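The following exercises are to be worked with the sequence and the coordinates at hand. Each task is followed by a solution in steps.

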Amino acid sequence: MRRGRVLYQDRMHAAVPDPVGLKLDDGRVLRETDVVWLPPVEPRTVFAVGLNYSDHAKELAFKPQSEPLVFLKGQRSLAGHRASTERPIDAAFMHYECELAVIIGHTARNVAAAHALAYVAGYTVANDYAVRDYLENYYRPNLRAKSRDGATLLGPWLIDGQELGDPQDLELRTLVNGHVTQRGHTRDMIHGVAQLIAYLSSFMTLSPGDVILTGTPAGVVNVAAGDEVVTEIDGIGRLSNFLVAEHSSASHKVNGHG
Amino acid sequence: MARIRSRSWGIEIVACAARSMSLPIAGRNTVYGVALNYKSTLLSLGCSLSAKPYWAPPSAPVLYIKPPNTWIGPGDPIPLPTDVAAVQAGVTLAAVIGRDMCRVRPESALMHVEGFTVVNDVTVPHSDYFRPAIQNRCRDGFCPIAAQLIDPEQITALDALEMRVRVNGELVCVQSTCGLVRPVANLLADVSALFTLAAGDIVLIGSAPGAPLVRAGDRVAVEIEEFARLENPVIAEPAARLSP
């Protein structure tokens, strides 16, 4: 089963796929452009895993991680399908990252990898933008580069874990303005979904609604305002995003120190 | 001394950790911490900040997140993880955001603050700031938050507040909000230039170097002058059992 969450006429609705687009919980059938899409679950803690595909680690000239490289995201970084994401005007290199997103369904602590998939509610597609110009070597990847407003997209649908089957047998890709720029396969993850759940739950409690973004394969390229970026994973869905130039209102810029 | 104004938080109540209790934060908010926000910390690190793996001192605030599994209230136990001997009790002033702030100037930053409180930013000691430190900062119960919300107007010397840590009743550490790389208003403004701070979010202003270590069996209290106080017992975390 697939489910999503949308805003329609200022009210939040649960939705399911329909040949026209989507069907709301009250039975109304709409096109996907008629609604504002929210992440398919209300996310609690959002974990992201860096350098989890060896080809991407190589692309960035880093050694693959022996222990998962995990960082967290602020709530304001999240948005849904068909959102517009601001691209900073002064940044030379901002790239998308197509990722398998795992949604936790049950409280998990000290879970063995062999049982870990039983704690998964389902999966969705993520696009986790990075602004490389803003990287610094403190708690890298730092929040300035990876937790910008509306630069972590989730959706459109959550698919049940049971229905999807093996999360390590999925092809994923990114299309920029219709051209494939990134292609990978989840079997090439260094730390698979079950290992990541076992790792995180070995030192902290995972709760329903927690989201784990499992990393991106090679093939990240710079994108520009005006681009449409589609990240898709076979069997899960197709997440669309539009880049717009950052609003340059009277703004406070961060002051350098030290 | 200003009067303490303790009141209901006016923010959604969240059930948390071992028992249900009210905290000044909702599950859909974020608690941000700031490392290296004391000049003395930067001074002690000295030339190492210009060497591998950092190559330059930080320019933007060095931020981390204390996720919901870390949030506990007054009196709730702080579990000492089985793989560490002791944890640091880092007293910090915490700003509770009252209305969304995005690219706000320092002069108007404090207008976006609902109030201040005290947080014990519990941390496994670490000296490496290169990679995100979730194993050191994000264990269960590592972010005790006090119940008092202090009206900003009641604090006249925001950048010279005395902060204390007591372990088993004994005063072991006295810190101050002076000596910050970014004083409160500048910090909030600079963070709001990176992303939006939302109503209900909390920003921890930072812990000074020299945070005392606490062990299982200790009772640790953090205080900001007479405004806010928070005490929690430290307990040994139950041995890990792999759940099926």
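**Exercise 1: The pairings of one strand**

Leu7(A) stands opposite Val36(A) in strand 5 of chain A. The model is predicted, so local features need pLDDT of at least 70 and side-chain atom pairs count only at pLDDT 80 or more, while totals for chains, interfaces and linings use all residues. Residues are numbered from 1 along each chain as its sequence is written, and chains are lettered from A and ligands numbered from 1 in the order in which they are written.

Solution. 

Step 1. Two strands pair if DSSP finds at least two bridges between them.

Step 2. With strand 2 (residues 11-18) of chain A, strand 1 pairs antiparallel over 5 bridges; here Val6(A) stands opposite His13(A). These two strands form a hairpin with 2 residues between them, and Gln9(A) in the turn has a positive phi of about 50°.

Step 3. Strand 14 of chain A is an antiparallel partner of strand 1 over 2 bridges, where Arg2(A) faces Ile159(A).

**Exercise 2: Two domains in chain A**

Task. Describe how domain 1 of chain A touches domain 2 of chain A, and state which strand gives the most to that side of domain 1.

Solution. 

Step 1. The bounds, which come from an automatic or database domain assignment, are 1-38 for domain 1 and 41-245 for domain 2 of chain A. Their C-alpha centres lie 24 Å apart.

Step 2. Count residues in contact (C-beta atoms, placed from the backbone, within 7 Å): 8 residues of domain 1 of chain A touch 10 residues of domain 2 of chain A.

Step 3. On the domain 1 side, strand 1 (2-8) and strand 5 (36-38) of chain A each supply at least two residues. Strand 1 of chain A gives the most, with 3 residues.

Step 4. By class, this side has 4 nonpolar, 1 polar and 3 charged residues. Nonpolar covers Ala, Val, Leu, Ile, Met, Phe, Trp, Tyr, Cys and Pro, charged covers Asp, Glu, Lys and Arg, and polar covers the others, Gly among them.

**Exercise 3: The side of chain A that touches chain B**

Task. State how many residues of chain A are in contact with chain B, and characterise that side of chain A.

Solution. 

Step 1. In the contact between the chains, 39 residues of chain A meet 47 residues of chain B.

Step 2. Strand 7 (69-73) and helix 2 (143-146) of chain A each contribute at least two residues to the side of chain A that touches chain B. Strand 7 of chain A gives the most, with 4 residues.

Step 3. The residues of this side divide into 12 nonpolar, 17 polar and 10 charged.

**Exercise 4: A sheet of chain B**

Task. Give the strand order of the open sheet of 5 strands in chain B and identify its edges.

Solution. 

Step 1. Chain B has 4 helices and 13 strands.

Step 2. The order in this open sheet is 4-13-12-8-9, with mixed pairing. Strand 4 (78-80) and strand 9 (170-176) of chain B are the edge strands, each pairing on one side only.

Step 3. Strand 8 (residues 162-167) and strand 9 of chain B run antiparallel and are joined by 6 bridges. Arg164(B) has Val174(B) as its bridge partner in strand 9.

**Exercise 5: Backbone exceptions**

Solution. 

Step 1. Recall the rule: most residues other than glycine have a negative phi, and most peptide bonds are trans.

Step 2. Asn177(A) has a positive phi near 50° and lies in the loop between strand 15 (171-176) and strand 16 (179-185) of chain A. Glu225(B) has a positive phi of about 40° and lies in the loop between strand 12 (219-224) and strand 13 (228-236) of chain B.

Notes:
Two residues are in contact if their C-beta atoms, placed from the backbone, lie within 7 Å.
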